[in-house]
Every structure is written in structure tokens, then in C-alpha cells.
Amino acid sequence: MEIMRIVVTGPVGAGKSTFIRTISEIETVDTDRKATDETAQLKPSTTVAMDFGRLQFSPQMALHLYGTPGQERFDFMWDILIRKAHAFILLVSSHRPQDFRAARRISAFMRHRSKVPMVIGCSHVDRPEAWPMEEIAIALGYLSPHGRPPMVAVNALERSSVATAIITLIQTYAESQATALR
Amino acid sequence: MKISGYFSEFSLGEVFRFLEQGQKTGCLSLKSMDESHALPFLPAAPEHYLFFRYGQIVAATTTLNHQGLRQLIEQRGYLHPLTLQRVMNRYPGNMPLGVFLKSQAILDSQQIQLLFKQQVLTPIPHLFAWKEGYFHFDAQHPLPLAEMTGLSASPQVITLAGLRLLRDWTPLMDKLPLADSTIVSLVNEPPSVQLGKIEWQVWEHIDGTTTIQQIAQRLNIAVLEVQKICFRLMVMGMVEEVVNISSPSTSEPAPVNEMDTDRTGLSSSFLNGIVAFLKAKTSG
Ligand SMILES: Nc1nc2c(ncn2[C@@H]2O[C@H](COP(=O)(O)OP(=O)(O)OP(=O)(O)O)[C@@H](O)[C@H]2O)c(=O)[nH]1
Ligand SMILES: [Mg+2]
């Protein structure tokens, strides 16, 4: 059995659970709980453990999707991420500049601590307050398109959009594998 | 382009970094949302406008009537109002007013510098004391040449000055780097800005492996102080924070070893298969 493990991460409410739910063919394990304190003002429920989703596309091949919990905590989960994930997608809500700091932390962490290929998915692009993708890149510290991870606009509620984002991620992974072989 | 938000979410230093690094041109409007907007050194006004040209600050005003620089010239007594009126009638408006006045030998370089200091360098750092404010950046806004001296200031330098003046850090506490994070330099050369003694000592300890806590220990200063200095360096775009994985068993941050992986490469038939499968899902 060949399995690709993809981690979906990002700040609270970026759409991680929705992303996984939209594409997964199994009922996703729902670990959302009523949100407390600060998060509650933002959304009624938040993910407290990992989300999990699966796409079995042949008897011998599957894609596993793991979603990190909302709260920004760099604990053992990140250890797992770095050791086991083949690739990861960082979701950022385009309309919430207050989340760019947390997203920046995650991307800096991955850039320095791991070589796992990544793609940045800008979610909530359909909102009127959404920042343009190019500006989000700068706010995350990617000043030139050179050497920046691929960026895609994602609507986590739409299956085709999620599928497109995952395809970009897989292509990024394939390229990094080809580079590593050279 | 829609770039707006609140200081509590995206602080002024972060806005400045964004505009400087993105080399933006346009108008940044700032509206105070607390009582502290009546600060000494800062003109009392409901709104402040900062004009950026390729990421550098070229003018600051409190109205959009193009009269600000003229008023400063009058205030300083450089020219009699009537003389100024006559001069303004000759001003073609196709270059910064300061450049025009200098080219006509009406004002000298030093006077222009003092005007810029009064317009930008002295007041703007005080904006960092606002506890809450709303910002909006308009890249379509034309630059007001009549408000411009022809000089510019780096937002980096203003940020450093502003954060040094800052007494109440409460609104920034949630934005400071974490005590057990490592700080990594983003620049190869030592900073071109003038750092203070302790700032310099902290900078010297930034080697990509030492955590904020360790720097504080070595320098024997409070962790919070190092966090603040590192925040300054961060919003100046000189360093970045890399968090460490907190392991519950030890107080030392767990080092992550990339070799320590149990991930195996995926076959190309697998990758082709999954892409084909997903492509089918992108339609309908
Ligand atoms: N308009 C819009 N809404 C979205 C998008 N993605 C997610 N949402 C909505 O945003 C809300 C938050 O989505 P979640 O999937 O719970 O976000 P999350 O990242 O799992 O949140 P935490 O687990 O709390 O970190 C839900 O109401 C989603 O329906 C998007 O791209 N556009
Ligand atoms: Mg979730």
C-alpha cells in the first residue's frame, strides 16, 4: 500500500477542516469542539485534535490528509508533521491580516526546520475584505516571486478548488523529489 | 488593491514593513481609535496621511488639501505669507514643492531638511503610541507634490524610533516573538541603522541557534526586553522568528533533525495516478 501524507495547516478558521471535508471520501473524523475564549468570537467551533481525511484512488494507493488544530501551538504534532508528511499546504485567510503573523511563523518554521515541500493556499478570497494574493506573499515575508512557495487561491468549500490546490501541491512535491535526485 | 485593518491585528510597524518591502507607492491613512491620539509632538487631527513612494515615506499630512507644507513654511517664518502666495502662483506643480523652492533659491537645503523633520521625522514615530487605530492603504492615490519636500525617510528608521519611544507595550504583547523561539538574521551585513548599546548586544547574539531566553540569560537582562528588541528587529525586516517545538518533558526546546524522518519517496506511477484522479474532480 502506497500512501501520500499531506498536512493541512494554518491559523484558526483558515478552512483546514472544511478543506479536508470537501475532498475526503470518508466521513471525516470530527474533532471540532465548542470554541472557548478568543476563538469563540471568531467561530463557534474549533478543531481540538487532528482532522483526518482519505482519498483511496486504487486498491493499493491512497492519499491521507491531516489537519492541524486551530490554536497556534508547536507541539509534538509538528514533530509528526516534519517526520511523516510528504508535503503540506499552509492555508491563510486572505481577509484576516491578524492571521498573517501566525502564518508567517509557520512558514518560517518550515523553511528553517524542514525540507517538506509546501504550497500556500489563500482561502476566503471570495470575501470583500480579502487582500490580494501578491500582497499576502509580501506580508508573509516573500518579497520576490523567486524562491517563494507556489501560491494558490482556494475556496475550501468547493471541491474543484480543493482538488486544484492538492494537484499543485503534488506537482511541487514531484519537482522537489526530482531536484533531490539530481 | 485593498489593504486595510486595525493596529491590534496588524501593528503599525508591520504595516510599515509591508509597505517598505513591497516598495509601495500611495497614501496610507491612519485613524486613531483611542483617546491617546492627542499626543505631544503629534498634530491633533482625526486622521493622518502618510505618502509612500517606492516604499519610502515622502510626506505626512493631516488633511488632503495640499496646504500642509505651505503652512509649515509660514509657521517657521521662512517666508512672509504674501511672498509665499506670490511664489505659489509661479509653482508649476510638476515637482515636489521643496525641490521647486530650492531650485529658485527661495529656501536652502537646511531649511528643507528642517521642514521634513517637522513634517515626518519628529511626529511620525509618535504614531506608534496609538493603542488602536484603523489603517487603509490606497495605491491609486496620487502623490501630493505640494506636500513634498523632495526628501524621504525609511519606514525602518521611523519604526525603530517609534518603538524606542514606546512606553506602553500592552497592545503589542501578543505580537512579540516567543521566549523560546530562535531568532535568525535575514541580512548579511550589519544593520545600516544606528542601534543602541543593548540592541547591538542582542544583535551580536543572533546566530540562528540561540533562543531569546538564552540571549537574555547571557546578557543578564529581562527576557521581555530581549523580546521587544527582537520585535523591533523583526518589523525592521532584519531578522525573523523561528519557533521551536515545545516538548512537555524537558524545558529545552526539542531540536528537530531532518535526518530523523521515516518518510519514503513516492513512486511516479503513484503521483501520476493521484493527479489524474484529482483532475477528474476539478470539473463538476
Ligand atoms: N467564504 C469562505 N468561507 C470559508 C472558506 N473556507 C472555509 N470557510 C468557512 O470558514 C469557517 C471556518 O472553517 P473551518 O474549516 O472550521 O476552519 P479551520 O481552519 O478548520 O478552523 P480551526 O480548526 O478552528 O482552526 C467555516 O464556516 C467555513 O465554512 C472559503 O474559502 N471561503
Ligand atoms: Mg478545523
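Biologist: Two strands pair if DSSP finds at least two bridges between them. How many bridges join strand 4 of chain A to strand 5 of chain A?
Modeller: Seven, in this predicted model. The two strands run antiparallel.

Biologist: What is the bridge partner of A:Ser58 in strand 5 of chain A?
Modeller: A:Met61.

Biologist: And the sheet, what order are the strands in?
Modeller: Chain A has an open sheet of six strands, ordered 4-5-1-6-7-8, with mixed pairing.

Biologist: Why is one side of strand 4 and of strand 8 left without a neighbour in the sheet?
Modeller: Strand 4 and strand 8 (151-153) of chain A are at the edges and have a single partner strand each, so one side of each lacks a neighbour in the sheet. On average, neighbouring strands are turned by 20° against each other, ignoring direction.

Biologist: Which helix of chain B lies across strand 4 of chain A?
Modeller: Helix 10 (residues 268-282) of chain B. That helix also lies across strand 1 and strand 5 of chain A, and runs at about 100° to strand 4.

Biologist: New topic, the interface. How much area do chain A and chain B bury between them?
Modeller: About 4,700 Å², with 60% of it on carbon and sulfur atoms. Chain A puts 55 residues into the contact and chain B 50.

Biologist: How many salt bridges across it?
Modeller: Four. A:Arg111 and B:Glu240 form a salt bridge through their side chains, at 2.9 Å from N to O.

Biologist: Which elements of chain A touch chain B?
Modeller: Those giving two or more residues include strand 1 (2-9), helix 4 (100-113) and helix 6 (159-181). Helix 6 of chain A gives the largest share, eleven residues.

Biologist: What classes of residue are on that side of chain A?
Modeller: 31 nonpolar, eight polar and 16 charged.

Key:
Residues are numbered from 1 along each chain as its sequence is written. Chains are lettered from A and ligands numbered from 1 in the order in which they are written. This is a predicted model: local features need pLDDT of at least 70, side-chain atom pairs count only at pLDDT 80 or more; totals for chains, interfaces and linings use all residues. Side-chain values use heavy atoms; hydrogens and water are left out. Contact means heavy atoms within 4.5 Å. Buried area is the accessible area (1.4 Å probe) that two parts lose on being put together, summed over both. Helices (H or I, at least four residues) and strands (E, at least two) are DSSP runs, numbered from the N terminus. Ala, Val, Leu, Ile, Met, Phe, Trp, Tyr, Cys and Pro count as nonpolar, Asp, Glu, Lys and Arg as charged, and the others, Gly among them, as polar. Axes are lines fitted to C-alpha atoms, for helices over the stretch in contact, and angles run from 0 to 180 degrees between N-to-C directions.
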